[in-house]
Amino acid sequence: MQNTLAGRRILVVEDEYILAQCLCELLEGDGAEVLGPVGNLQDAGALLDSIALPDAAILDINLGGENVFPVADRLSSGQVPLLFTSGYDRELVPARYAGSMQCTKPFGVEQMRTMLMALLDANGDVH
């Protein structure tokens with residue numbers, strides 16, 4: 001499945017370096033422009049201050065002990081589709097994001113690709 005994300009701008013907020021790099025390679029390999037990766041709330045906020053909103057975002061729920069929901073709230077207010085990643089239970093997700101997609105760690109490349117494509121398709125963002 002090559003260039004499935006061609007032309008899409010995807011924000012990656014992930015504090016695990018190796019996982020962030022793997023996500024970036026996957027996205028870039030599928031033709032996406034990766035924004036980030038960033039690994040904490042401060043860097044995510046600074047990046048969002050300096051760019052136009054992305055087409056979608058992959059957000060690790062736990063960033064070094066802080067939750068990502070302030071970033072999610074900011075993106076959600078701009079109608080950016082969100083894909084949360086976590087090694088924790090869905091119960092940690094606030095009710096306002098109960099319907100959001102969540103990919104449980106550890107996850108495989110194909111699982112992430114499938115979920116991201118479904119997210120973009122559900123929001124009418126796939127070419």
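Reply: A pocket here is an open set of grid points where a 1.4 Å probe fits, with protein on both sides within 12 Å along at least five of seven lines. Please note that the model is predicted.

Me: How much space lies in the largest pocket?

Reply: The largest pocket holds about 150 Å³.

Me: And which residues line the largest pocket?

Reply: Its lining consists of S76, Q79, V80, P81, L82, Y97, S100, L119 and N123. By class, five of these residues are nonpolar, four are polar and none is charged.

Me: What is the phi of Q79?

Reply: Q79 has a phi near 65 degrees, which is a positive value in a residue other than glycine. Most residues other than glycine have a negative phi. Q79 sits in the loop between α3 and β6 (82-86), and Q79 is also one of the residues lining the largest pocket.

Me: Let us turn to the helices. At what angle do α2 and α3 cross?

Reply: Helix α2 (residues 41-50) and helix α3 (residues 69-77) cross at roughly 20 degrees, and their axes come within 9 Å. Angles under 35 degrees count as roughly parallel, so α2 and α3 are roughly parallel to each other. Their crossing is left-handed.

Me: Which residues of α2 and α3 meet?

Reply: From α2, the residues are L41, A44, G45, L48 and D49, and they meet P70, V71, R74 and L75 of α3. That contact divides into six nonpolar residues, one polar and two charged.

Me: What about α1 and α4: how do their axes cross?

Reply: The axes of helix α1 (residues 17-29) and helix α4 (residues 109-122) cross at roughly 60 degrees and come within 11 Å. The two helices are therefore oblique to each other.

Me: Is the crossing of α1 and α4 left-handed or right-handed?

Reply: It is right-handed for α1 and α4.

Me: Which side chains or backbone aside, which residues of α1 and α4 meet?

Reply: L23, L26 and L27 of α1 meet V109, M112, R113 and L116 of α4. Six residues of this contact are nonpolar, none is polar and one is charged.

Me: A change of topic: what kind of peptide bond joins G36 and P37?

Reply: G36 and P37 are joined by a cis peptide bond, with omega about 10 degrees. P37 belongs to strand β2 (residues 33-38).

Me: And what is omega for the bond from K105 to P106?

Reply: Omega is near -5 degrees for the bond from K105 to P106, which is cis. P106 lies in the loop between β7 (101-104) and α4. Most peptide bonds are trans.

Methods:
Residues numbered from 1 in each chain as written. Predicted model: local features only at pLDDT ≥ 70, side-chain atom pairs only at ≥ 80, totals over all residues. Heavy atoms only, no water. Axes fitted to C-alpha atoms, helices over the stretch in contact; angles between N-to-C directions. Helix = DSSP H or I, 4+ residues; strand = E, 2+ residues; numbered from the N terminus. Parallel < 35°, antiparallel > 145°, perpendicular 65-115°, else oblique. Left-handed = near helix turned anticlockwise from the far one by under 90°. Contact = heavy atoms within 4.5 Å. Nonpolar A, V, L, I, M, F, W, Y, C, P; charged D, E, K, R; others polar. 1 Å grid on protein atoms, 1.4 Å probe; cavity = no way out; pocket = protein on both sides within 12 Å on 5 of 7 lines; lining within 4 Å. Points joined across faces, edges and corners; volume = space filled by probe spheres on them.
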